[in-house]
Amino acid sequence: MNYQEAAIYLQEGENNDKFFTHPRNPKALAAYLFAHNHLFYMMELLTGLLLMMLSLCEAPAVPSLRLDVYVHATLELLALVMVAFELCMKLRWLGFHTFIRHKRTMVKTCVLLLQFVEAIVVLIRQTSHVRVTRALRPIFLVDCRYCGAVRRNLRQIFQSLPPFIDILLLLLFFMVIFAILGFCLFSPNTADPYFNTLENSLVSLFVLLTTANFPDVMMPAYSKNRWSCVFFIVYLSIELYFIMNLLLAVVFDTFNDVEKMKFKSLLLHKRSAIDHAFQLLVSRQRPMGVSLKQFDGLMRFYRPRMSARDRFLTYKALNTSGAPMLSLQDFYKFYEVTGLKWKARRSGEHWFDDLPHTTFLIFKGINLLVKSKAFQYAMYVVVAINGVWILVETYTLNSGFSWSRFVPWSYIVFLTIYGVEVLLKLTGLGPMAYFSSGWNLFDFSVTVFAFLGLIALAFDMEPFYFIVVLRPFQLLRLFKIKQRYRNVLDTMFELFPRMASLGLTLIIFYYSFAIVGMEFFADVVYPNCCNTSTVADSYRQINITYGNKTVLEEGYYYLNNFNNILSSFVTLFELTVVNNWYITMEGVTSMTSHWSRLYFMTFYIVTMVVMTIIVAFILDAFVFRMNYSRKNREPLENPEDENGIVFEVEVSRDEALTTLELYKQSCPGLSSLSSLQGVLQAMDKSGHLSLVYLGRRSRTKSDLSMKMYEEEIQEWYAEYSRENLPQPDQSLERDLDSPVSDPPPFPEPQLNSQTGPHSIN
């Protein structure tokens, strides 16, 4: 039987795995199954995190977390052994020739060997040496299954580099020209430290590009000749306001094309996976379709925890034509329906339809009230008044205010109104309908936290006073009144998962630069250092006497150091913000070498690339959302109505009985049949001959893209069909008409070695 191999193809399509990594024999299948389960994924993730977190304990270590050399070296070796074990399983599954073709795996293997040798050297010598290669440890984390979004971000960054580098070279060209011009114009002024050498001219103009040293860099020349300001105005106009914005425009255009091509590649990759799976499922006697029995056998491998009822409903959702078997066109919708959560639709319109008449009328009135426009706008007015009141109330507080001594009466009044609103909506709409709306969930969460804040104030629970600060979040409800605001907020909520992966990508860059900074700049800055530098005052720590009073004046910039991984992260974040970042750079440079500036400039360029990608991503998401709204005008009467993707399936009693008998014959004793029996019991209880089930899932950007690029998608499919004419498949000779049996714990099906043309990662 080919159910498991078909399920593997579908998983490869879902995970965007290359088809040349498909297991080709029973031994490879065993390794593949071992390497594709959540325990193995978790082991990969924990191993990568452990290797990165060792930097907290290795010299230069965080003082409270320092470990002896033999302890952290032993932990490192154990983690590297786990990585080696993971790679061995991958080698057994892929085979040697495929293993060496997989570039990311080969990079990981080379880094592993290098790290292994270094860890053994540290363990033998019992002392740490310069280990810049620790900056490569994030490779082990990025390669794990749960960091697929980070890999995609890195791939998009690399794909956006060519146009970025073109504009960057143009920017650097003008910078060099202006540096030479500035040196020639301003070097005769001995009071000007910014242009006394060509190197200082380049560095000053590089920093000026970030505006961190403006207007300080201009003032010495400006004091001698007022016309010198023209030089700086022209430089900033060209570099900052033209080329930098041109850089963003070029990256955004490239990013937009990359996003569209990525969607196309993933879409065709999934289609190719479905083609492979369909060819494996159809039998010689029935080459044109997949029966329920075959589909059920597939789903028991693809979604082992899915109940028999949900497998049957998923089959029904695919079989829109009502034919005895699923055609290939039906099967192409596989990924759209497999994530649905199925629930029976109530026979009545409301949850309270079966209650006594008097009670029904009461709840019906509440339902009409909470759905009315007047109620919604009344609550908007209350929220607006609450916002103004919070602003006035906060403005009148003095600096010595303490929440423990004061509970605003307005807090209780507005919280009572919000509590009554929640209760009215819960009773009028019903818990299921109420919590199916994201806005209602938001309102409920903020109201509950506000109640917790009131309890914290009433019982003087000082550690929980921060909850009170969450009150202003209620004001966000005002932004769902206008469609444009809803688009902005919807875009923001859709971006959260992706922004998390982009944040992790930035942290990985931080980690690598932090390791390099720790190796070269640890303990180089301290109070009263950098006395030969122009930024010496920022590092000064001296006692100054004013009359009879002595005070300590500190520059504080000595705290921006690379003495451990945590301090390095804070320093790098300050460099990312770029405000006064040159003070940190000049301080380190004065204590080491002028070549140290390359580290800081390289970091600025790298973070500029990443931050530009993040800005381009936000712009792309918002523009996409706005274009989608214009192209598919679907105004909601109620802004809180959020159904997502909904599929409707009607199941008759005869269908349920026939399906139950089929399952009893093919899967005798299977405990999951109770879910199908529950369908019949629900029909008996309601007295109806059929039940309607609704399958729901949240709407993703992929769903929006399917509608946005509807015309292009048909062209892509036509192009795909021309390039992939049907080929004879040996799997067609294998008969799948035999009864479906329980999947054995370690099945070894005969595997097909066919690969698809859209092999992407």
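## Aromatic pairs

Two rings of Phe, Tyr or Trp form a pair if their centres lie within 6.5 Å. In this predicted model, such ring pairs link Tyr510, Phe513, Phe520, Phe521, Phe562, Phe569, Tyr599, Phe600 and Phe603 into a cluster.

The structure holds 41 aromatic pairs. One of them joins Phe278 and Phe331, with 5.9 Å from centre to centre and 50° between the planes, a tilted arrangement. This pair links distant parts of the chain: Phe278 belongs to helix α11 (residues 229–281) and Phe331 to helix α14 (residues 328–331), 53 residues apart. Phe278 is buried, at a relative accessible area of 4%, and Phe331 is buried as well, at 0%. Another pair is formed by Tyr434 and Phe435, whose ring centres are 5.0 Å apart; their planes meet at 85°, so this pair is edge-to-face. Tyr434 is buried, with 1% relative accessible area, whereas Phe435 is partly exposed, with 32%.

## Charges over rings

Arg226 lies over Tyr222, at 5.1 Å from the ring centre. Lys270 lies over Tyr335, and here the distance to the ring centre is 5.2 Å.

## The chain as a whole

The protein chain has 28 helices and five strands. Of its 761 residues, 47% are buried. The chain exposes about 38800 Å², and carbon and sulfur atoms supply 64% of that area.

Among contacts between residues at least 6 apart in sequence, 75% join residues at least 24 apart. Asn16 is found in the loop between α1 (3–15) and α2 (26–35). With 13% relative accessibility, Asn16 counts as buried because the cut-off is under 20%.

## Helix α6

Helix α6 covers residues 103–125, 23 residues in total. From its first C-alpha to its last, α6 reaches 33 Å, close to the 33 Å expected at 1.5 Å a residue. Just after α6, Gln126 takes a positive phi of about 60°.

Which residues of α6 are buried? They are Thr105, Lys108, Thr109, Val111, Leu112, Gln115, Glu118, Ala119 and Val122. An α-helix has 3.6 residues a turn, so residues three or four places apart point the same way. The buried residues of α6 pack against α3 (38–53), α4 (69–94), α5 (96–101) and α7 (138–142).

## Cysteines

How many disulfides does the structure contain? The count comes to zero. A disulfide is a covalent bond between the sulfur atoms of two cysteines. For Cys144, the closest cysteine sulfur is that of Cys147, at 3.5 Å. The cut-off for a disulfide is 2.5 Å, so the sulfur atoms of Cys144 and Cys147 are too far apart for a bond.

Cys144 is buried, with a relative accessible area of 0%. Cys110, in contrast, is partly exposed, at 47%.

Definitions and conventions:
Residues are numbered from 1 along each chain as its sequence is written. This is a predicted model: local features need pLDDT of at least 70, side-chain atom pairs count only at pLDDT 80 or more; totals for chains, interfaces and linings use all residues. Side-chain values use heavy atoms; hydrogens and water are left out. Helices (H or I, at least four residues) and strands (E, at least two) are DSSP runs, numbered from the N terminus. Buried means under 20% relative accessible area, exposed over 50%, partly exposed in between (1.4 Å probe, protein chains only). Contact means heavy atoms within 4.5 Å. Accessible areas come from the Shrake-Rupley method with a 1.4 Å probe; for residues, only the protein chains shown count as cover. Rings of Phe, Tyr and Trp (its six-membered ring) pair if their centres lie within 6.5 Å; planes under 30 degrees apart count as stacked, over 60 as edge-to-face and the rest as tilted. A charge sits over a ring if NZ of Lys or CZ of Arg is within 6 Å of the ring centre and within 35 degrees of the ring normal. The expected span of a helix is 1.5 Å times one less than its number of residues.
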